[in-house]
Amino acid sequence: LQSLIAGRWLGADAAVPLEVTLEAFSPFIPLSVDDSSLPLTVQKFTLHNPTDKTVTGQLVGWMENVVGAQLEPGEGIRKNQMVSGEGFVGVECGATAPDADQRHIGTMVMAFLEPEGIVAAHRGEQGMLSGGSAMAEGDLRAALQGQVATSFSLEPGETRVMTSCLAWHFPNLRLTPMPKVTGHYYAQRFASALAVVAYFVAEKVRLVETTFLWRETWYGSTL
């Protein structure tokens, strides 16, 4: 990791004719509590083709729905569904359990900031490359694994940046030793994980550039 604010990983594999750099972080904007407390992580992939041939492929991510994992199987229903918005496509994982402890109920969204991305609400055994179901559900024992993929084609020497994000929203926090503390701060601003993703996408340039400016300023100083 290059830093605690935005970690960097460089990967190379002889079987894959690409150089891949991953920078993973949560937005951090000094003096801005709202933008520094988003329930979201960002994955910024930089793909570079160092060969003399065109390279085509897919960037694929998957996430298992574990919402309600602390509840009994018969207490609720898990559901994955395709979601999209201005500039992104993804899969939302959630659950409903009307009569259960709501602390364990919320939503999570994995999204690619690639409108042409491909989504499967459940990837199945063979993974997903060309498409999949828009919705899948089951009881709280169901291992629903949502998947998102986006295709790319890189000419020799070409570099492309692709961004994904993971957001969560569990608004019903309760702490037994502190009964007056209820909920998460972010729940006052966002109704769901999908709303968090939509906010990030709309403010992406500012949030990413300011986070990286802070990182470079901090690590470039003599403090």
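Trp 218, Tyr 219 and Leu 223 make up a nonpolar surface patch whose accessible area is about 410 Å² together. Patches are built from residues with over 30% relative accessible area and no salt bridge, joining like charges within 9 Å and nonpolar side chains (Val, Leu, Ile, Met, Phe, Trp, Tyr) within 5 Å. Accessible areas come from the Shrake-Rupley method with a 1.4 Å probe, and for residues only the protein chains shown count as cover.

The model is predicted: local features need pLDDT of at least 70, side-chain atom pairs count only at pLDDT 80 or more, and totals for chains, interfaces and linings use all residues. Residues are numbered from 1 along each chain as its sequence is written, and side-chain values use heavy atoms, with hydrogens and water left out.

**The patch and its helix**

- Tyr 219 belongs to helix α3, which covers residues 204-219. Helices (H or I, at least four residues) and strands (E, at least two) are DSSP runs, numbered from the N terminus.
- Tyr 219 counts as partly exposed because its relative accessibility is 43%. Buried means under 20% relative accessible area, exposed means over 50%, and partly exposed lies in between (1.4 Å probe, protein chains only).

**Helix α2**

- The buried residues of helix α2 (residues 193-202) include Ala 193, Val 196, Val 197, Phe 200 and Val 201.
- Viewed down the axis of α2, its buried residues fall within an arc of 130 degrees, so they line one face of the helix. The arc is that of the directions from the helix axis to the C-beta atoms.
- An α-helix has 3.6 residues a turn, so residues three or four places apart point the same way.
- The elements that the buried residues of α2 pack against are β3 (40-48), β6 (88-96), β7 (107-112), β11 (159-169) and α3. A contact means heavy atoms within 4.5 Å.

**Strand pairing around β3**

- Strand β2 (residues 16-25) pairs with β3 in the antiparallel sense, over seven bridges. Two strands pair if DSSP finds at least two bridges between them.
- Ala 24 has Gln 43 in β3 as its bridge partner.
- Nine bridges join β3 and β11, also in the antiparallel sense.
- Across from Gln 43 stands Ser 164 in β11.

**Salt bridges**

- The whole structure holds seven salt bridges. A salt bridge is a side-chain nitrogen of Lys or Arg within 4 Å of a carboxyl oxygen of Asp or Glu.
- One of them joins the side chains of Asp 35 and Arg 206, at 2.9 Å from N to O. Asp 35 lies in helix α1 (residues 33-36) and Arg 206 in helix α3, so this pair ties together parts that are 171 residues apart in sequence.
- Asp 35 is buried, at 6% relative accessibility, whereas Arg 206 is partly exposed at 34%.
- Arg 206 also forms a salt bridge with Glu 203 (3.1 Å, N to O), and Glu 203 is partly exposed at 27% relative accessibility.
- Arg 215 and Glu 216 form a salt bridge with their closest N and O atoms 2.7 Å apart. Salt bridges that share partners join Glu 23, Arg 215 and Glu 216 into one network.
- Arg 215 is buried, with a relative accessible area of 2%, while Glu 216 is partly exposed at 43%.

**Overall totals**

- The protein has three helices and 13 strands.
- Of its 223 residues, 41% count as buried.
- Its accessible surface is about 12,000 Å², and 57% of that belongs to carbon and sulfur atoms.
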